[in-house]
Protein chains: 2
Amino acid sequence: MFLFCVISVSPAWFSASESHDSELQALNSELSQWTDSPDPKRPPHTYRDGSTIDWLYEENLERQRKNRLRSQRGAKGILLPTLDTMKMWFVIVATGIGVGVTGASLDVLVKWLGDLREGRCSYGFFYNQVACCSGLDPGEICTEWRTWSEWFSVHSILGQSLLQSFVYMALAVVFAGSAAILVQTYAPYAFHTGIPEIKAILGGYVLDAFLSPWTLLIKGVGLALSVASGLSLGKEGPLVHVACCMAYNLSGFFPQFRHNEAQKRKLLAAAAAAGVSVAFGSPLGGVLFGLEELETFANETEVIWRGFVTSVIAAVSLQYVDPFGTSKLVLFQVTSGSDTWRAFELVPWLFLGVIGGILGSLLIKLNVAAAVYRRNSIMHEWPVLEVIGVSAITAAISYLVVFLRVQSSELVANLFQECDASKGDYHGLCNPVAMWRNVFLLTLTATVKIGLTAWTFGMMVPAGIFLPTIAIGASLGRAVGLLTQGMYRAHPTSWIFSSCPPDPTVRCISPGFYAVIGASAMLGGVTRMTISLVVILFELTGALSHVLPIMISVMVSKWVGDAFGEGGIYTAWIAMRRYPWLPSVEYKDQGEVAAQVMRPVDELVVIENRKCTLKELDALLKAHEFHGFPVVQEGQLLGYAIRDRLRAFLSMLSTGAATEQSEQICSFLPIRSEDPGSADLSPVLEKAVLQLRKEVPQELVVNMFQKLSLRHVLFTQSGKLTGMMTKSDVVSFLNAHFPHAAALAVPPGQSPWP
Amino acid sequence: MFLFCVISVSPAWFSASESHDSELQALNSELSQWTDSPDPKRPPHTYRDGSTIDWLYEENLERQRKNRLRSQRGAKGILLPTLDTMKMWFVIVATGIGVGVTGASLDVLVKWLGDLREGRCSYGFFYNQVACCSGLDPGEICTEWRTWSEWFSVHSILGQSLLQSFVYMALAVVFAGSAAILVQTYAPYAFHTGIPEIKAILGGYVLDAFLSPWTLLIKGVGLALSVASGLSLGKEGPLVHVACCMAYNLSGFFPQFRHNEAQKRKLLAAAAAAGVSVAFGSPLGGVLFGLEELETFANETEVIWRGFVTSVIAAVSLQYVDPFGTSKLVLFQVTSGSDTWRAFELVPWLFLGVIGGILGSLLIKLNVAAAVYRRNSIMHEWPVLEVIGVSAITAAISYLVVFLRVQSSELVANLFQECDASKGDYHGLCNPVAMWRNVFLLTLTATVKIGLTAWTFGMMVPAGIFLPTIAIGASLGRAVGLLTQGMYRAHPTSWIFSSCPPDPTVRCISPGFYAVIGASAMLGGVTRMTISLVVILFELTGALSHVLPIMISVMVSKWVGDAFGEGGIYTAWIAMRRYPWLPSVEYKDQGEVAAQVMRPVDELVVIENRKCTLKELDALLKAHEFHGFPVVQEGQLLGYAIRDRLRAFLSMLSTGAATEQSEQICSFLPIRSEDPGSADLSPVLEKAVLQLRKEVPQELVVNMFQKLSLRHVLFTQSGKLTGMMTKSDVVSFLNAHFPHAAALAVPPGQSPWP
């Protein structure tokens, strides 16, 4: 090994002053044994949780591995790469099917647990209400399903309602508490939605604990429990986490992924799209969600294609399992008939858009405040008790308001549905006489849900925010629709409604579609997503002509929301946790240059070539947590030394007698002749580091960090080091306007909960 | 003006050695008068056709313009930016509506011209057959529509067929010839599809003649004529060109776009999506086409969003105009019923995928060979005669085969449609007895069409390649479907068909869907598009479960096609025309470094600071066509001088007496004291240029060119210039494997035809 260090090694990465091609090739193969050990048991480069991967290094590794496969003689040279690709497609297809089946199983489990809070099936404990009552002729009353008061043969009315509400709330608390206990005991990372962490991971952050098999299991089970407990949360975001866990663990079977962080992330991106696809029954929406929210691979058609394949397979698997027995992928999928919309309806819709923006921003601010408060209060020490308390309160409040009592997905499905004599009346929603009652109840529902969601999203249970947001928006939208409809019924001949058909029995205003508009506006205000949102809702409703109003409301809500503060809820959480994630927003500087934000050279910890000993280097590594150190010689920049590589090289060198070696002078340039007093550390030096002048516009630097996924950039002037900028610097700098940045930051490697 | 040059000016772009903030601001405002003349009549920087824009400069201009608007006092500071944004949305919406209406008008025009080849309406020359015969009761025979033999009262059978075929072919020739003459006389850039040029323009290439108002008009009219003439071409690609022309000319009304090339291109990207949306009735497909084929703005959500809005508005406008009276957006939109597919059908579908890949590659190679041959033969001198000849041959051949005689879109619509007793039999296609005849005719159709399309795509008429490719694929697919159906009917109890329903009257195999699969495979093989293709076809057919087979066939055809040669047909044309367009493909080097492909410093034309006179600089600019020159001082790199800026500055300086000034020494560093012998050229120097070491991997350099849209990169070592690489170098380098690269290259500014 020591031989390598003395000979000047120079692969593509590390270059000597003279590099001849043949020498290059020979030394390349020798060093490759050190840089990328083909021995799968000893991976060359392990990252600790909390660090950021080196994209170029990982891509380089993958390229070398593929070249090794292709350069095999004969049939092996064709067979092995094909096998390689097939392994990747196996993971893709298996993930798709797995996500689809998991989504279906979750639906079934949630339905059963939810029904359990009301009653049970007389002939089988594990049947939900629909399955229990299946096989009946229409019109026949179902006697197999017994409510709890029937089961325990309580006959007094008071006793019945007491028992029902008691069981309802008790089971809510039991479910929520179990979810919290499971998360706390087995998988602390399984709480919350997971999308902020996935965004950071796809951006290069390392957080392996977040994707462990236990997290997968607990997230799935905990999700079913928390949804069934009636807490104000949804399963969409967590499904993305589950999908990514699945892909991560499936890929762990194959060394080509296990040892390459960049390849792993490409699979995760595809899996994330599948998660969204299953959550909404929208494969295209899943792909566009991946493109919009998880922007890392937006330029790589290959990754987008894989995401699409995974999404479709997941959706088709979900359809095949058919959890609701209706061949609908999602409970609240609606077929909007041939209803056309009229120009005057743009007024209430624009109003909904504005409301969505305002309330969305409010929800984000409340949620952030709640999270910060929770962190700094005693509740941070007792998360399970907090969950139990909140679920009890939620159950109590929900029991009082009819629209809160039902499960959110069922509520949304009915709000989206137009009133139809054949479909029955959903808790009096279609009763034209009870308009004001409905408007009041819906507005109350929305208000209460905003409060509950702001607190729930951040507790120690798996929780998503999509469904509650849709429910809030749908309630408000339906309310506005009912009001508009009421106005129309009161003044059918007014000039406003002149475009309505003259026959009053033909429906002119469709409150169900207003609910869809409200939902899109609210989602736009909370998540600030645009295209993926429209596509998801388009695939939920179906008609092309209805896409225009959805687009307008999403656009308006985003503009209004951005006026109150840029960035959706996931961006806020990423900033609070201080993940090193760079948003892809176009950064526009005000004519400033990089010199104003970089770290000047006097503030940096640099290594002076030939002016340190191995012992001093060791102490330097222990003293500072930096990712790496610039190496200079009389001010001139030689290159950059990455901590992990330096540490690994130092430990490799210090095998023999400790004292003489540790006094050796460090030399980052290749040593010509044998010099026992110097240690050749030149293989460690990364010379191909980007250098810029400090006068470049800030915009250019930020752009480079975003588009090239860099970790650091050095600033030089005529070869002399003038400063440095790292990805974390850019992240802090971009987040400077956010008041609660790093409020929930957790030191890497530690669990987010005590 | 001269005052600026003596004082050291230093805005964000050009920096002196010491830059104090206040000095910076003051000088910034002074220089801004020179760099971005608010005078809309005198744009600061005009590009010649054939050059590449400077993205960073244009973005900088836009940023300064926006800052100027926002920094206005009072209400103006809010109103002006809002007005600004509204102008942009006006262009977007107007383009969308315009494209939708144009698409509808084209459909109507093509239908009328096409029908005119068969006959005419007795009471109005400008009615097509459907309009002429409207208002009849079902079952009533239409007497208003007269074929030409009826019109001219020819009664003998021989006379009738002679007259019909004569008029059919004569009008084909007249239409095609008129289209060619219009293109030749008024708008030489209106030929071909336009997508390769649009890709290059979006990548930064300048080709204003391609988007002139005349080109818009001639492309539209010529397209209708060429489609109606029966030539083997489609209107999809040209519609994208028309949409971009429209956006370009609409944006020309507003100075903010007229003078900013980057902003113009963002609008063009949105318009291109609208063009595809109208061509296929698929707004999502349009957006994904923009993302996949015109990758430049894939990372910018804002641009994607605008593309989506434009696409939806265009599709809704098209639907509103309703050119076919059926509220279908596209003629061959089908509603696939609840037909499920069975596992054994994957065998013929995989076969279709492989065939699609093979024939697609064949079509590309034939087309390239034809284009090269045409360029080097006498046909290049007589394009109109070529068009006339080919249209006569096409009409003659088509008249003989029934499936070629009808218009391609009508053929495809019927091939996609399943056989239904109520819908009638399309030229005997549904006749189970005539299976072999149909298979033979369909295969013949496909074969002949491949040959005709390979020649037609590249002639001097507006021509798209999508529809002929779809027709070829649909014919082959239907043939395979008929064969499979025949096999099933012959052996209904075989184990292969065990998953078919036992009742033979229920359809088990749907040949119409096989046609869709065939079309997707062929399109995949020719264009190598993936996601956008699947989305377009998905929106054409509708059912989610059918997406999976479409995806599989597209994937297989792409793999098979890539085995014969990477890149679709548009990439081939871009390479032939040698546009400076960088594909977004992931470039993987074989361990090579940039040093091996860059231009070393000895081969470069550099400017030595203080060693040249203004006269020598002028001569240098005239002698070399380079985009710019590095400026060095004793080997040390000072910066980069762009030709246009240098020329403009030189002409500004040389206002006075020619001789003394032209002998002034050029100084690219600011001059401290007044020195009449030196001319301060420091404002011209671009110091913020990217410098790399020549040992960086090639992959990194190509990646940077792709993602940052750079034009050039300089290589330095300790401040000394070692080499340079430009975008054209990277393009040539990436195209090195393509045999006909630059075969059709045209010097910039010249028309592609003599």
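This is a predicted model: local features need pLDDT of at least 70, side-chain atom pairs count only at pLDDT 80 or more; totals for chains, interfaces and linings use all residues.
C245(A) is buried, with a relative accessible area of 0%.

Now turn to cysteines that are bonded. A disulfide is a covalent bond between the sulfur atoms of two cysteines. Over all chains, the count comes to 10 disulfides.

Select C121(A) and C132(A), whose sulfur atoms are joined at 1.8 Å. The link is right-handed, with 85° about the S-S bond. C121(A) belongs to strand β1 and C132(A) to helix α5, 11 residues apart. C121(A) is buried at 0% relative accessible area, and C132(A) is buried at 2%.

In chain B, select C419(B) and C430(B), a disulfide with sulfur atoms 1.9 Å apart. The torsion about this S-S bond is about -95°, so the disulfide is left-handed. Both cysteines sit in the loop between α18 and α19 of chain B. C419(B) is partly exposed at 30% relative accessibility, as is C430(B) at 26%.

Continue to helix α19 (residues 435-456) of chain B and display helix α16 (residues 383-400) of chain B beside it. Their axes come within 11 Å and cross at roughly 170°, which makes α16(B) roughly antiparallel to α19(B). Among the residues making the contact are V390(B) and I397(B) of α16(B), and L452(B) and W455(B) of α19(B). By class, the contact has five nonpolar, two polar and one charged residues.

Technical notes
Residues are numbered from 1 along each chain as its sequence is written. Chains are lettered from A and ligands numbered from 1 in the order in which they are written. Side-chain values use heavy atoms; hydrogens and water are left out. Axes are lines fitted to C-alpha atoms, for helices over the stretch in contact, and angles run from 0 to 180 degrees between N-to-C directions. Helices (H or I, at least four residues) and strands (E, at least two) are DSSP runs, numbered from the N terminus. Angles under 35 degrees count as roughly parallel, over 145 as roughly antiparallel, 65 to 115 as roughly perpendicular and the rest as oblique. Contact means heavy atoms within 4.5 Å. Ala, Val, Leu, Ile, Met, Phe, Trp, Tyr, Cys and Pro count as nonpolar, Asp, Glu, Lys and Arg as charged, and the others, Gly among them, as polar. A disulfide is a pair of cysteine sulfur atoms within 2.5 Å. Buried means under 20% relative accessible area, exposed over 50%, partly exposed in between (1.4 Å probe, protein chains only).
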